[in-house]
Amino acid sequence: MVSLRSDNDETLTIRPARTQEPNYGATGPLSDDVEEGRLAKKSEPNPLDMGQIILLSTARISEPLTFGILFPFVQQMIVETGEVSVENVGYSVGFIEVAFSITQCLSLLYWARAADKFGRKPVLIASLFGALSSTALFGFCKHVWQMYACRFLAGVFGGNAMVIRTLFTENCDSTNQATAFAYFAFAANMGAVLGPTLGGYFAEPAKQWPKVFGHIQLFVRFPYALPCIVCAIYILVSMVLCSMYLKETRPQECDNPPSIKSVLTRKMVGMLGIYGWAVTVVFCIYALFPLYLFTPVAIGGQSKNPPQIASYGAANGLCQGLWLLIGLPRFDRWLGTKRTFVIVSSMFPIFILLPALANAFARSDHWLLSQLSLGAFVTIGSSGNMTFTSVQLLLNSCAPPAAIATVNGIAVAICGIVKSIFPAVINSIFAISVSNQILKGYLAWIVLAAMAAGTFVCALYAPEASDDSKDLDKNKRRVLEAEGEEVMESGQF
């Protein structure tokens, strides 16, 4: 047994890994030393390893970047193959989007188990390599089946979101997890904003900038290769940086991982259900808002043109990022994770009705009030997305230390299922509502408000987040334990 003493003579006892049960994950028993009060609870959050957090955030951007970069040009790319008519291009685009989500859902549990067995870092590197390859190849497709194959390949290697969630979880504790996952969510928002921007800016470079790219036959023959190459280069840089500087955080409990059946306790299944409900509301809003902006005012929208829609989308993404980076960590520290979830979700139904109110003002020629309502939805209403991150934190607190990767794999699979089904459903409800003027075209918003009210009810029954704030930062403790075990084995004590 080894004792490490600090200046104030607090003692931390290091035991061999074979007998100790440290609190690696979000939950788990505290050590005897913690229970005896030798490690005092800190009033301030423990400092994050910002080098690791920034490195993981750059990697997190990759998935929404590869997904969103296709949106500006994939329709035209399909039509130019000559294999699909303009009238039917929507079906092919939808299948391209769904292909990724379906294969990702089917492969995620295998990636989660691989992360538990071989480590987080090799799984992340392999997933990033798959994303790089599939994205680069997509730009050189000349047939629709090739596009399908590339998106299927991207889904098969779609384990990066799962393992990055796990790495974020294992690089923080209960005192700073809200800040860590604020960076996680902010990076996802930035990827979602950058993807369509880069896709539109770099598509068909020989036509957009003939003096620069017009003489390069590669971009003449493959007009949509450049945005895919730019995206692949970003992923390559991220992959190299992760391979060089990312630290492995796989806990020793993963040497004997629990079965999936044992992980899916009643409490965990309930928390996964709450998570699925919350992300469904958020993803439906993401899908509905651009369609609402495009729709004419007379039938329930805002009559915005594509540049205006892009501006509103960018502003919404920026406001979400600010709420997550600045607001959520403070709310989580002041109120606690569950109370933050309850309070934000209680206001969410009101925020969701603001677009309907903005259209009602526009129809009655109160344009100033309409724009103020729309601005309130973009700025203040975007705070409702904190429910997504709050419920992720609560889910982490329910995860056994040896099954964090598995739980995150299931969570990402739920996200994939939601993205495959519910955005299309809410858009269909909106289309039926405006075409038939059901409730003046506001049916979809009323349905979403009711679903958001359901999120509030779920929040009331969500389990409290566990408090491991008495423990040391998990990465530091692993280092201490490893050093202690080496001393024990060498006999130099």
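This is a predicted model: local features need pLDDT of at least 70, side-chain atom pairs count only at pLDDT 80 or more; totals for chains, interfaces and linings use all residues.
Local features require pLDDT of at least 70 and side-chain atom pairs count only at pLDDT 80 or more, while totals for chains, interfaces and linings use all residues. Residues are numbered from 1 along each chain as its sequence is written, and side-chain values use heavy atoms, with hydrogens and water left out.

Six salt bridges were found in a search of the whole structure, a salt bridge being a side-chain nitrogen of Lys or Arg within 4 Å of a carboxyl oxygen of Asp or Glu. One of them pairs Asp116 with Arg120, with the closest N and O atoms 2.8 Å apart. Salt bridges with shared partners join Arg113, Asp116, Arg120 and Glu170 into one network. Asp116 is buried, at 1% relative accessibility, whereas Arg113 is partly exposed, at 26%; buried means under 20% relative accessible area, exposed over 50%, and partly exposed in between (1.4 Å probe, protein chains only).

A further salt bridge is formed by Lys247 and Asp49, with closest N and O atoms 3.2 Å apart. This pair links distant parts of the chain, 198 residues apart. Lys247 is partly exposed, at 49% relative accessibility, and Asp49 is partly exposed at 29%.

Glu63 counts as buried because its relative accessibility is 10%. Leaving aside neighbours within four places in sequence, Glu63 is in contact (heavy atoms within 4.5 Å) with Phe100, Gln104, Asn160 and Ala161. The C-alpha atoms of Glu63 and Ala188 are 8.0 Å apart, although 125 residues separate the two in sequence.

Terms used: Helices (H or I, at least four residues) and strands (E, at least two) are DSSP runs, numbered from the N terminus.
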